[in-house]
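User: I have a model open and a few things to ask about it. Can we go through them one by one?
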Amino acid sequence: MRRETQNVLLLLLGGALLKIAVTGDYLRYVKPAHRPWLLAAGAVIVLLGAVAMIRDIRAARQPTTVHEHHHPARSAWLLMVPVLAVFLVAPPALGSDSVTRARGGTAAPAGSGTSFPPLPPGAVVALRLTDFVSRAGWDEAGSLNGRTVSLTGFLVHSEQGTLLARMVIGCCAADGFPVRVQLRGEQADGLPADTWVEVTGQVVPDVNTAASGGYTPAFTVRTLRQVPEPPDPYEY
Amino acid sequence: MLLVLAILGQSLLQSAFDVPALRTGATVFVAVCVQALPFLVLGVLLSGAIAAFVPARVLRRVLPRSESAAVGVAGLSGVVLAGCECASVPVARRLIGQGVAPAAALTFLLAAPAVNPVVIVSTAVAFPGEPGMVLARFVASLATAMVMGWLWIRWGKLEWIAEQALRRLPEVEGRDRWRVFTETARADLVDAGGFLVLGALVSAALGVLVPGEWFGALADQIVLGILVMAVLAVVLSLCSEADAFVAASLSALPLLPRLVFLVVGPAVDAKLFALQAGTFGRSFALRFAPATFVVAICCAVVAGLLFLGGAR
């Protein structure tokens, strides 16, 4: 590959990183904490390409300078793939497909079997799906029983019925795994998969519907409303 | 005209990516690239800095003269570089280029992503109440790196490493240093970047294709579990700072196979193999990666038996 092409590729690649970091699309792929890294890396890549371009233009004006030998790097063309993927395809955040093909299950939270802090007061308590599932599965005090909570996630239709799910990531989407809640009540059954909804309702005590696919508590839906996909679709 | 083509292409591509599996694969691919690129950039900047500002004689003075001792120092110095595995490949290559013994550079290559503080802390967070796991991972990863270094001293051959990785850059002074710094970093980035992308493509494809049942049915078969987890570590190519969380989530499995997963992953995986093949040459990678794979499994099993109290 020619040196000029390499430099253009570097500008594009750095630009792609900067673009997703600035627009917030990066949250589909990595944790929020990665943002400064992405901005810095994008800037460095653009700079390395730009400096080389400027140097080449200057060198071209002075015909006396000797040009270094560069071995052809065909592999560099592969850098086009993520650039095209980011600018043209812009892959969406992981959704129902990842939940149905997921490995493993929800891990026991830190110090499982111990008691959780009491839920905050209020008629409806908003909880992260992760917190809801770990309380439903491992809280010996049963702090969820009888309380109305609101949960936000996307819908998945599986053999266990309609699920409300959320992907949890540790670093990037490659290591994502789902947390799931089985929805009781027909309100969600007609909606297409991957619809984002906010539901309120109560846990069905002591129900584990899928022993093999990890812990999945059941939830009686009282109200359901569609919401737009949140800017940060994952939990951590 | 170009714009029209781009818009047409975009809608075509997006309809092609409407297949759920392909969409998931594309997301995982971009995620691996986006997550790894900053570390690769860090690595090529370090590599450029070594080439421009650290003369070969300084490195020779810092490292012990005996190769075996240098391997030990290199393994422990891996604790300092807090980065993913992608950062250490260009750095190791530059160290070899600057005259460091290949055995020591390769030990550093394996140790840096596996024993740095970030990885240790994230393992401790992912396995609360299991301090043995953290210790076992640290010891097994360090042992893997050092054993590979000593094996290289005994059997390694310099001609396996591609000529371009061995080329030493001339020493420079003053303003020229900045030129060497940026040019080295740029060339390393272009060289290694393509292979990083290749590794990400392979791992995204395999990650979607590997059936999920592989994980569930292995709880009782410890030997099969170890082997499958080792293969999965290679296939999934997770960042070494995040793999502990994935291992923790596979709660159906005993601890030992999960430890193997954590020790093998940072030492050898699909994207690392691609990076090594691109940087050091194919005949190097084809020998080094399988050897690392076996050594890592052995070290992990021994460390697991010592620190986890058997296969639980």
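User: Is Pro32(A) buried or exposed, and why?

Analyst: Pro32(A) counts as exposed because it has 12 C-beta neighbours inside 10 Å. The cut-offs are 20 or more other C-beta atoms within 10 Å of a residue's own for buried, 12 or fewer for exposed, and partly exposed in between, with C-beta atoms placed from the backbone. This is a predicted model, in which local features need pLDDT of at least 70 and side-chain atom pairs count only at pLDDT 80 or more, while totals for chains, interfaces and linings use all residues. Residues are numbered from 1 along each chain as its sequence is written, and chains are lettered from A and ligands numbered from 1 in the order in which they are written.

User: Where is Pro32(A), and what is it in contact with?

Analyst: Pro32(A) sits in the loop between α1 (3-23) and α2 (35-61) of chain A; helices here are DSSP runs (H or I, at least four residues) and strands are E runs of at least two, numbered from the N terminus. Leaving aside neighbours within four places in sequence, Pro32(A) is in contact with Leu27(A) and Asp232(A), contact being C-beta atoms, placed from the backbone, within 7 Å. Pro32(A) and Asp232(A) are 200 residues apart along the chain, with their C-alpha atoms separated by 8.2 Å.

User: What is the pLDDT of chain A like?

Analyst: The mean for chain A is 84, and 86% of its residues reach 70 or more. pLDDT is the predictor's confidence in each residue, from 0 to 100. Over residues 108-112 of chain A the value is below 50, and this stretch has 8 contacts in the model beyond near neighbours in sequence. Where pLDDT is low, the predicted coordinates should not be read in detail.

User: Switching to chain B. How many helices and strands?

Analyst: Chain B has 16 helices and 0 strands. Of its 312 residues, 57% count as buried.

User: What does Ala300(B) touch?

Analyst: Not counting residues up to four places away in sequence, Ala300(B) touches Ala140(B), Leu259(B), Val260(B), Val263(B) and Val264(B).

Note on methods: Two residues are in contact if their C-beta atoms, placed from the backbone, lie within 7 Å.
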